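Please keep the structure in view while reading.

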Number of protein chains: 2
Amino acid sequence: MTFPVGEIVASRRPHRKDAARNYDALLDAAREAFAAHGADASLEDIARRAGVGIGTLYRNFPTRRDLFESVYADEVNELCRVAGEVAGLEPWEALTTWLRRFTDYMVTKRAVREALNDESEIFQACRESMYAAGGPLFERAQEAGEARRDMDFIDLLRMVAGITATAFDDDAQRDRVLAIALDGVRATAR
Amino acid sequence: MTFPVGEIVASRRPHRKDAARNYDALLDAAREAFAAHGADASLEDIARRAGVGIGTLYRNFPTRRDLFESVYADEVNELCRVAGEVAGLEPWEALTTWLRRFTDYMVTKRAVREALNDESEIFQACRESMYAAGGPLFERAQEAGEARRDMDFIDLLRMVAGITATAFDDDAQRDRVLAIALDGVRATAR
DNA sequence: ACTCTAGCGGAGGCACACCTCCGCTTCAAG
DNA sequence: CTTGAAGCGGAGGTGTGCCTCCGCTAGAGT
């Protein structure tokens, strides 16, 4: 299994020790900020929370998009890795387990909806990676007669992304709603 | 059937002819802006598009929240009205028709997710109105054995709001995904 | 027609985010 | 240890949005 996204984005991490630490701190802070405030979180705030100067942020990530892409690519890579892990489970079980990870790792929830429609090269590569990783899980479930055939994997991802990005009273409600929607994915196969 | 929301908010519309026209233009522009840019659209931009000075906006709606509440309340009122219209249809048909209107009228889609969790008095009143209008449709579908009983109306609204607020490739995809999720709402009742 | 007041609009002060630039710091190679 | 260059940070210029304030305009009642 290959991880093209990692190759496209990863090499920017600097070599010097302090610089690498700053780079990581920035990514962490950015992940949190994007999760909390969406894709237009304040860059100065991110630098502040990372404990570095604003100049350092701009040296590592010349544009907002560069930063966001890096955060996003990290999460996509993680998802690709998980897709391999669940390969041993039963078809439907494998799919839903992966989807649950999808909702967990996509911490940048609010921003993901926009990213799903972004046309840029990197995002396109990310989506393709994700489809390559998760798509087979869905097709396997379809072939096993567990998932309906009148939808595609992209439909499924949008559905889950939409539900995930919404505010719920609590996690239990989110899980309940997600499970119900997934029942719809399975319904006609029964 | 009563419409408490309308009573709470509506009386602010000014009496003088030009003033009333400005008020309406502001609401229209705001509806569009909130739909396009979410709840933190630029107020100066809204005033510009409405063709009035920024001062006029602030006189009518002293805070951003006042403006947003008014737009939101309008849409909720409209939804309440529609709930009455569909009362004659078959239970499941009535519910899904209303939900489709829900996705249409909620033009302020991006912002609705946040509003669904807002604690303020007005938003609470709006939600209650909406629950009062749509809830019976759902309960009727449940009693007819068409909708599953292990979820409540609020779960359903969140599900639909989440899917509606997400970006799709086209309307057909949105409808398809929504229909699949609604299959999940109906699944166990079959 | 006259008036008087509700309503208008936008200039301007404030706050904050974006991004550049450059003198200072610190790593790490020799 | 020395040294040079990679990296740092934040001051400051620019833009944009928020909101107030007040001199002017025009609708509505007489």
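This is a predicted model: local features need pLDDT of at least 70, side-chain atom pairs count only at pLDDT 80 or more; totals for chains, interfaces and linings use all residues.

A residue is counted as near a strand if one of its heavy atoms lies within 4 Å of that strand.

**DNA strand D**

With that cut-off, 21 residues surround DNA strand D, and the closest of them are A:R16, A:N22, A:T56, A:R59 and B:R64. Of the atoms of DNA strand D that lie within 4 Å of the protein, 61% belong to sugar or phosphate, while the rest belong to bases.

The surface near DNA strand D draws at least two residues from each of several helices, namely α2 (17–37) and α4 (54–60) of chain A together with α2 (17–37), α3 (43–50) and α4 (54–60) of chain B. Among these, α4(A) gives the most, with four residues. Sorted by class, the residues of this surface divide into eight nonpolar, five polar and eight charged.

**DNA strand C**

Around DNA strand C there are 20 residues, of which A:R64, B:R16, B:N22, B:T56 and B:R59 come nearest.

| Residue | Atom of the residue | Atom of DNA strand C | Distance |
|---|---|---|---|
| B:N22 | polar side-chain atom | phosphate oxygen | 2.5 Å |
| B:G55 | backbone N or O atom | base oxygen | 3.4 Å |
| B:R59 | polar side-chain atom | phosphate oxygen | 2.3 Å |

The elements that give two or more residues to the surface near DNA strand C are α2, α3 (43–50) and α4 of chain A, together with α2 and α4 of chain B. Which element gives the most to this surface? It is α4(B), with four residues. By class, the surface near DNA strand C has eight nonpolar, five polar and seven charged residues.

**Chain A and chain B**

The two protein chains also touch each other, and the contact takes 28 residues from chain A and 28 residues from chain B. Between them the chains bury about 2400 Å², with 55% of this area on carbon and sulfur atoms. The count of salt bridges between chain A and chain B is six, and one salt bridge joins the side chains of B:D155 and A:R176, with a distance of 2.8 Å from N to O. Across this interface there are 10 residue pairs in polar contact, with both residues at pLDDT 80 or more.

On the side of chain A that touches chain B, the elements that give two or more residues are α7 (109–115), α9 (153–165) and α10 (171–187) of chain A. The most comes from α10(A), which gives nine residues to this side. By class, this side of chain A has 12 nonpolar, six polar and 10 charged residues.

Conventions. Residues are numbered from 1 along each chain as its sequence is written. Chains are lettered from A and ligands numbered from 1 in the order in which they are written. Side-chain values use heavy atoms; hydrogens and water are left out. Ala, Val, Leu, Ile, Met, Phe, Trp, Tyr, Cys and Pro count as nonpolar, Asp, Glu, Lys and Arg as charged, and the others, Gly among them, as polar. Contact means heavy atoms within 4.5 Å. Buried area is the accessible area (1.4 Å probe) that two parts lose on being put together, summed over both. A salt bridge is a side-chain nitrogen of Lys or Arg within 4 Å of a carboxyl oxygen of Asp or Glu. A polar contact is a pair of N or O atoms within 3.5 Å; within protein, one must be able to donate a hydrogen and the other to accept it, and residues adjacent in sequence count only if both atoms are side-chain atoms.
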